[in-house]
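This report goes through charged pairs, surface patches and confidence values. Please look at the sequence and the model before reading on.

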Amino acid sequence: MLYSLAIKNILASKSRTLTIFLLSMFTTAFFIVYVAFVNGSHEQMIKSSVEIYTGYAHINAKGYQEESDYDHLIEDAKQIETFLKQKPFISNFSPRFETYALLSQKEKTVGTMLTGIIPSRESGLSYLKNSLVKGSYLEDNDTRAIYIGSDLAKRLSIDVGDEIAMISSSLDYSTAADLFKVKGIFKTGLFDFDSSSAFVNKTYLDSVMMSENKASYFVLRFIDNKATDSYAKILGDNLPQGHEVLSWKILLFDLVQLMQVDSLFNYISISVFFLVIFFVIMIFNYVNIYSRVRQIGLLRALGFTPKDIRVLLFNELLIITLVSVSLGTIIGAIATYYLEIYPITISGLAETYKEYGIIYDTIPTHFDTFTIIWNALSIFVLNISSIFYPIFKINKLSVTEAMRYV
Amino acid sequence: MKYLLSFIFIFTSFLYGGEADDIIKAVEDNLRGDYMYAKMRMIVTGQRGERAIEMESWSQGDTKSFIKILYPKKDRGITFLKLDTQMWQYIPKIERTIKIPPSMMLQSWMGSDFTNDDMVKESSMIKDYNARVLAKTASRATIELLPKANAAVVWGKIIVDVDISNKVPTKEIYYDDQMQKVRIMTFSNIQRHGNHTLPMVMELKPLDIEKKKNSTKVIFEKVNYDTPIDASYFSKNALKRYSN
Amino acid sequence: MYKIAFDLAWKSLIRRKTRTLMVIMMIALSLSGLLFLQGLYDGMVSHMINTAIRSDSGEISLYAKQYRLEKTIDYHIDDPISIKTYLDRFKEINAYAIRLSGEGLVSTAHKSLGATLKGVRLEDERRFGDFDTFLSQGKFDFGPKNQEALIGFKLAQKLKVTIGSRLVFTAQDASGEINAISFRISGIVKSGNLAVDEGSVFVSMETMERFLTLPNSATQIALRIKDESYINNIQSKIQKKFNLLDVLRWDELYPLLIEMRDMMDIFNWLSYAIVFAVAALGIFGVILMSILERMREFSIMMAIGTPYKSIRYQVVSEAFIMAIIGYIIGALLGLGFLAYTASSGIDLRYYQAGLESFGLNAILYADIRYYYFLQAFSAVFSATFLSILWPLHVLKKIKPIEIIQGKIL
């Protein structure tokens with residue numbers, strides 16, 4: 001009977017019901033989208049920074065991070081290739097050979113990082129191919145072709161088609177020297193990278209550097225990059241001796257820490273927002289229940305016990321809240337998903353972050369089922385718990401006080 | 001390589017305690033205007049095994065030297081020119097001459113344990129260090145070299161063991177600023193050439209744990225003093241001209 | 001008439017204590033949270049701007065044209081002394097710093113790294129930007145014979161050197177010769193400016209002039225102009241006089257910092273808007289509800305002659321009394337948070353590595369500016385105003401007779 005009375009009450013006072021309903025629905029939806037915004041920005045920052053060049057994980061010889069020299073190379077690249085090929089959770093991987101070289105054009109000589117890559121495999125692992133601005137990207141059978149950063153091209157005053165001398169040391173420390181033709185110029189937007197990086201087809205570079213079957217490290221990408229940590233652990237446990245696995249969290253450690261600080265601030269922002277929502281819901285439910293104090297008094301006079309009152313009001317609220325929060329969640333989820341695919345772009349942002357090596361020009365959202373459900377649940381709980389205090393107070397009134405409440 | 005040789009001569013001067021200044025001056029005068037031609041073999045041992053380089057060098061005084069690589073075939077014809085504190089390199093494979101920028105100066109020279117900087121900085125030992133005799137017997141002496149206040153050298157200290165009768169060093173230990181040993185140079189196979197006594201074999205060993213297997217050994221195969229060397233060797237044209 | 005209305009407003013609020021308190025708490029707590037965040041974010045940005053100005057550019061910097069692109073000493077300023085004499089004329093210039101920098105290699109027996117050697121005058125730097133406060137270890141001087149050096153802390157870490165360590169710096173001097181100089185480290189500097197901390201070594205101007213064989217030259221002349229309003233004026237005057245030089249303001253040299261500041265402002269504005277839009281809902285709920293339940297009461301008042309305006313005034317007062325009390329409490333709380341953070345700061349040293357690598361301080365200090373409270377006041381005011389519009393409309397529509405007769409409730 002209480003249940004049907006609850007429904008009747010709900011339908012009877014439509015405006016009241018509607019108010020609570022709309023309030024719950026909108027706060028839920030809004031909250032979900034807001035949290036998604038906040039989390040989304042980090043996702044985007046990380047994705048960009050990691051995917052431009054660094055990659056989600058590296059496999060290198062132990063000690064390479066401290067001393068990145070010829071004494072700490074992967075000595076048998078084939079062995080690592082075979083090892084990695086067997087792992088189904090790795091979606092792409094490729095070896096890189098990085099070295100320091102002088103690039104010289106007429107009078108200007110500049111020291112840069114020169115890297116041998118496998119162009120076809122690299123395109124699935126970094127933005128090198130996408131960052132092309134002039135000329136063309138490398139191919140797997142290229143020989144004397146070099147792919148350089150835009151600011152490096154500026155420093156050397158060279159353009160596509162120009163010839164440039166490369167001098168470095170090969171693995172046995174003899175002089176490695178060759179003439180390369182600029183095949184393409186790229187621009188990632190990261191000044192440090194664009195002003196001191198040059199790329200060559202690894203197969204050819206190996207012949208010049210005598211680094212066949214050697215690599216500085218392998219760069220990896222996983223089928224689910226969010227699970228990088230667990231994959232890294234699996235790899236680490238099984239790697240051939242003398243090698244190690246480093247996830248992007250270690251490689252880009254500084255970025256990770258900055259994200260954490262940013263998260264702290266975001267949580268404070270969310271807390272403030274949540275606080276306001278908390279009060280608004282409390283106020284609304286309090287006020288609503290109080291506005292029915294006479295009706296409740298009447299029910300008490302008819303024989304309802306305080307417990308009955310509690311159950312009745314609880315049921316009313318439960319029904320309304322369930323429906324409204326669910327609807328709100330759906331709306332919020334759809335909005336989040338839509339914004340994840342079509343994010344809002346702000347142009348000024350990009351330049352700011354590029355200086356710090358981060359590509360970030362949109363305000364994206366992050367669609368995460370867990371977070372969404374968690375958010376919805378909190379609003380739900382908030383709604384439900386907010387009636388206890390007013391009910392408690394009303395039940396303390398005597399029947400006659402309640403019926404004649406002013 | 002003139003650097004190493006002038007180094008030796010400076011030590012002979014320290015053997016004469018208080019008359020060190022006079023001796024140094026005599027040695028310097030002796031070195032100045034000197035010509036030297038040498039053919040030598042450098043064996044570099046590293047993590048990846050052994051590698052041998054054969055080269056010829058021509059030098060005039062402390063400031064000019066010209067080096068040509070003879071072997072291995074891959075590097076044959078590479079030439080270096082040093083004039084004062086600047087160094088150039090010519091690579092026949094790409095027919096280019098480059099000036100070695102400061103950023104390359106501390107890269108190793110030809111993969112050895114010597115740096116470009118070692119090659120370039122010559123006979124500044126007298127200018128840069130104060131000498132003190134630590135121990136002395138009839139035939140040996142140990143001398144401590146501490147850098148002078150303004151000397152632009154990275155070493156915190158160098159300890160030299162000297163063979164007094166032959167007037168040559170037998171061992172040099174290089175220390176960093178924290179007085180940790182960084183590298184050791186040993187000298188052997190002493191021979192006489194005209195008025196000079198010279199160790200024909202020098203070996204440099206870095207003491208870094210990481211570089212356990214590394215060493216660089218220089219063996220002089222032919223040495224000639226005092227035959228004047230044509231000035232053309234010490235110009236930038238020489239780099240290409242004398243490359244083959 | 002209005003006094004009675006006002007009294008009634010107070011009494012109504014007190015009668016419904018819980019409701020009133022909830023609204024006040026809502027306003028107060030959210031306000032203090034927003035103020036706190038705003039102060040903190042602003043503090044971060046102004047710290048970065050301040051650091052850049054103090055440790056490098058000042059409010060205005062002068063460079064030889066092309067220097068900023070090429071960064072070689074070929075592009076230097078001749079005779080900075082005469083420029084200084086000209087600048088002394090301006091009372092608005094509080095301090096200046098003349099610097100001579102060269103890029104090269106800094107090395108120990110074990111390692112060498114690229115770095116910039118900067119010739120400075122320490123007393124000038126102290127006056128210019130309290131550079132001595134950046135000192136984290138050692139002494140703020142170049143030793144008795146002016147032959148020691150200060151080094152950025154990150155560079156010191158990478159080279160594994162400390163106070164008393166010896167370093168050799170190699171670079172090309174004015175004639176193209178490669179020159180080398182050695183010095184001992186007398187102090188380690190932590191400025192928050194990445195270029196300084198990761199790649200700079202400071203020596204005395206005299207030493208630098210000798211090293212580069214460039215007497216009476218500079219690569220940069222930086223000026224402090226503490227009063228912002230004079231900056232543009234002075235910049236154009238100096239540029240006109242020395243048209244062979246680049247005369248640039250700090251925001252032209254660090255456009256990123258301005259962007260960051262603008263971004264923070266947008267973020268703050270958005271936060272206020274969102275939070276107070278929701279808060280307005282709360283106020284709306286309470287006010288509307290209180291009107292609805294007092295319909296009978298108001299009807300009787302109007303029937304006995306109370307002017308509608310008086311009742312309206314009462315309702316409006318109720319809303320604004322809550323708002324103002326909420327504002328005062330919120331502002332005081334916020335001020336408390338900000339004052340504490342502005343002096344003691346928030347300790348984020350756990351994240352030191354990451355923060356410092358982006359040039360932020362590990363201990364965050366908040367800014368406090370008077371306009372925070374103005375902004376907060378207008379937010380509360382607007383929210384309250386908007387939230388009572390509809391309830392007042394409902395109030396206006398009251399038909400007293402019908403309510404008394406019980407026809408409408």
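In this predicted model, the side chains of A:Lys183 and A:Glu139 form a salt bridge, with 3.4 Å from N to O. The two residues belong to distant parts of the chain, 44 residues apart. A:Lys183 sits in strand 7 (residues 175-186) of chain A, while A:Glu139 sits in the loop between strand 4 (132-135) and strand 5 (145-149) of chain A. Is A:Lys183 buried or exposed? A:Lys183 has a relative accessible area of 18%, so A:Lys183 counts as buried, the limit being under 20%. A:Glu139 has a relative accessibility of 45% and is therefore partly exposed.

## Other salt bridges

A:Glu75, at 35%, is partly exposed.

A pair in chain C has another setting. C:Arg126 and C:Glu123 meet through their side chains in a salt bridge of 3.0 Å, N to O. Both residues lie in helix 5 (residues 122-129) of chain C, and they are three residues apart, about one turn of the helix. C:Arg126 is partly exposed, with a relative accessible area of 32%, and C:Glu123 is partly exposed at 43%.

The table lists the pairs described so far.

| Salt bridge | N to O distance |
|---|---|
| A:Lys183 and A:Glu139 | 3.4 Å |
| C:Arg126 and C:Glu123 | 3.0 Å |

In chain B, salt bridges also form a network, which links B:Lys39, B:Arg41, B:Glu54 and B:Glu221.

## Patches on the surface

Which residues gather in a patch of negative charge on the surface? They are A:Glu66 and A:Glu67 together with B:Asp208 and B:Glu210. A:Glu67 is placed in the loop between strand 1 (57-61) and helix 3 (77-85) of chain A. Its relative accessibility is 37%, so A:Glu67 counts as partly exposed.

Helix 1 (residues 2-15) of chain C supplies the largest share of the nonpolar patch, four residues. C:Ile14 has its place in helix 1 of chain C. At 48% relative accessibility, C:Ile14 is classed as partly exposed, because the exposed class begins over 50%.

## Confidence in the model

Chain C has a mean pLDDT of 85, and 98% of its residues reach 70 or more. Where in chain C is confidence lowest, and where is it highest? The lowest value is in helix 14 (residues 352-357) of chain C, with a mean of 69. The highest is in strand 9 (residues 200-204) of chain C, at 93. For the complex, the predictor gives an ipTM of 0.72 and a pTM of 0.74.

Notes:
Residues are numbered from 1 along each chain as its sequence is written. Chains are lettered from A and ligands numbered from 1 in the order in which they are written. This is a predicted model: local features need pLDDT of at least 70, side-chain atom pairs count only at pLDDT 80 or more; totals for chains, interfaces and linings use all residues. Side-chain values use heavy atoms; hydrogens and water are left out. pLDDT is the predictor's confidence in each residue, from 0 to 100. Patches are made of residues with over 30% relative accessible area and no salt bridge: like charges are joined within 9 Å, nonpolar side chains (Val, Leu, Ile, Met, Phe, Trp, Tyr) within 5 Å. Accessible areas come from the Shrake-Rupley method with a 1.4 Å probe; for residues, only the protein chains shown count as cover. A salt bridge is a side-chain nitrogen of Lys or Arg within 4 Å of a carboxyl oxygen of Asp or Glu. Lys and Arg count as positive and Asp and Glu as negative; His and the chain ends are not counted. The place of a charge is taken as NZ of Lys, CZ of Arg, CG of Asp or CD of Glu. Buried means under 20% relative accessible area, exposed over 50%, partly exposed in between (1.4 Å probe, protein chains only).
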